[in-house]
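Me: I would like to go through the side-chain pairings in this structure. Could we take them one at a time?

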Amino acid sequence: MPMKPLVICLAAAAVLVASVAGAQRENKDGVTARTQSQSSEWPPSSRELIRPEELAKALQSSAKPIVFNVGPRLIYVQAHIPGAEYIGPTSSPQGLEKLRARAASLPRDSFLVIYCGCCPWEHCPNVRPAYTELRQMGFTRLKVLYIANSFGSDWVEKGYPTAKGE
Amino acid sequence: MKRKAAIFVAVAGLAAAFYLSSHRRFVGNRPADSPAPAIALTDLSGQTIDPASYRGKVVLINFWAAWCTPCREEIPQFVALQEKYGARGFQAVGISMDDPEGTLRDFCREYGVNYPIVVGSQKIAEAFGGVLGLPTTFLVGRDGRIHAKQVGATDFPKLEREVTALLQSGH
């Protein structure tokens, strides 16, 4: 094979490999990069995060978690995780109170998942107070759904099941 | 020579396609280049915005919330775009998601919002193909078609280039 086409092909393949590597870095290391820059209380350790693919699998198993939506109503009514209970934005005192009241009667070893997905992970005003509140209440099997960008792009667009309405 | 060119185009095309797909930020079922929904909106002052009144203008529709930090940070730049290009046929419209009206009024006063703000609803969000993340911004051309949809933070230099191009093109 003559040298020139070989060089051209190698260069183009390098661009392709770089794109793949870049995309993977963005998707997989995003959590680590963000978690390391935060305080010890927030964000949760990687063991307390659950990725969309893991939650989708857990929802099909016999040991389904209880899922709380702590985000805005207008997103919930358009699409939410089937079975997720609407709590409302826990960035407000009313939302936190509702979460406290709902969780009060649950055994502290319940498998609980909270999620929002209103905004990119590092800007979500709701998951952090909900997580802190539930941890303070003593929930030991609490997980936060890691939504990097939005519920639309990281759950709905990925084809995971959704439900609509109140 | 033709064979070399074909190999190059094929491999480079594959790389470009992958790059674009991995950086795609569009979601929902109302993709770019479809007609903008003709839905009547009511702004905070109670005025009805007839979608027909925006025909022939370049319209930016920003779904946002005052409680959403990245949304809030963008507002001064939308205000600046309205100020700069309003006379040339640019019109911004903000659609707030889950903000109490009182909060919205205070916010608009504080930030000097110079374009209509509408209280959002499920109906409005679904007319735009679903708004499942904030901020979400649509850019509609003079032809009434959606030219761009951005989910997440706006790249303002890019947006301004798109706005000026649309103002000049007549699309």
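Me: What does B:Arg105 form a salt bridge with?
Reply: In this predicted model, the partner of B:Arg105 is B:Glu101, and the closest N and O atoms are 2.9 Å apart.

Me: Where do B:Arg105 and B:Glu101 lie?
Reply: Both are in helix H3 of chain B, residues 101-111. They are four residues apart, about one turn of the helix.

Me: Is B:Arg105 buried, exposed or partly exposed?
Reply: B:Arg105 is partly exposed, at a relative accessible area of 36%. B:Glu101 is also partly exposed, with a value of 41%.

Me: Which side chain does B:Glu126 meet in a salt bridge?
Reply: B:Glu126 meets A:Lys164, with 3.1 Å from N to O. This pair crosses between chains: B:Glu126 is in helix H4 (residues 122-127) of chain B, and A:Lys164 is in the segment after helix H7 (151-156) of chain A. B:Glu126 counts as partly exposed at 31% relative accessibility, while A:Lys164 is exposed at 54%.

Me: Why can such side chains pair at all?
Reply: Side chains of opposite charge can pair when their charged atoms come close.

Me: Which residues are linked with A:Arg100 in a network of salt bridges?
Reply: The network links A:Arg100 with A:Glu97 and A:Glu133. A:Arg100 and A:Glu133 are also among the residues that make the contact between helices H5(A) and H6(A).

Me: At what angle do those helices, H5 and H6 of chain A, pack?
Reply: Helix H5 (residues 93-103) of chain A packs against H6(A) at about 35°, and their axes are 10 Å apart. The crossing is right-handed. On the H5(A) side the contact is made by A:Leu96, A:Leu99, A:Arg100 and A:Ala103; on the H6(A) side, by A:Pro129, A:Ala130, A:Glu133 and A:Leu134. These residues divide into six nonpolar, no polar and two charged.

Me: Turning to the cysteines, how many disulfides does the structure hold?
Reply: The structure holds one disulfide over all chains. B:Cys68 and B:Cys71 form it, with their sulfur atoms 2.2 Å apart.

Me: Is that disulfide of B:Cys68 and B:Cys71 right-handed or left-handed, and why?
Reply: The torsion about the S-S bond is about 75°, so the disulfide is right-handed. B:Cys68 is buried, with a relative accessible area of 0%, and B:Cys71 is buried with a value of 0%.

Me: Why is B:Cys108 too far for a bond?
Reply: The closest cysteine sulfur to that of B:Cys108 is in B:Cys71, 13 Å away, which is too far for a bond; a disulfide needs sulfur atoms within 2.5 Å. B:Cys108 counts as buried, at 14% relative accessibility.

Me: Is A:Cys119 buried or exposed?
Reply: A:Cys119 is buried, with a relative accessible area of 1%.

Definitions and conventions: Residues are numbered from 1 along each chain as its sequence is written. Chains are lettered from A and ligands numbered from 1 in the order in which they are written. This is a predicted model: local features need pLDDT of at least 70, side-chain atom pairs count only at pLDDT 80 or more; totals for chains, interfaces and linings use all residues. Side-chain values use heavy atoms; hydrogens and water are left out. Buried means under 20% relative accessible area, exposed over 50%, partly exposed in between (1.4 Å probe, protein chains only). A salt bridge is a side-chain nitrogen of Lys or Arg within 4 Å of a carboxyl oxygen of Asp or Glu. Helices (H or I, at least four residues) and strands (E, at least two) are DSSP runs, numbered from the N terminus. Axes are lines fitted to C-alpha atoms, for helices over the stretch in contact, and angles run from 0 to 180 degrees between N-to-C directions. A crossing is left-handed if the near helix is turned anticlockwise from the far one by less than a right angle, and right-handed if clockwise. Contact means heavy atoms within 4.5 Å. Ala, Val, Leu, Ile, Met, Phe, Trp, Tyr, Cys and Pro count as nonpolar, Asp, Glu, Lys and Arg as charged, and the others, Gly among them, as polar.
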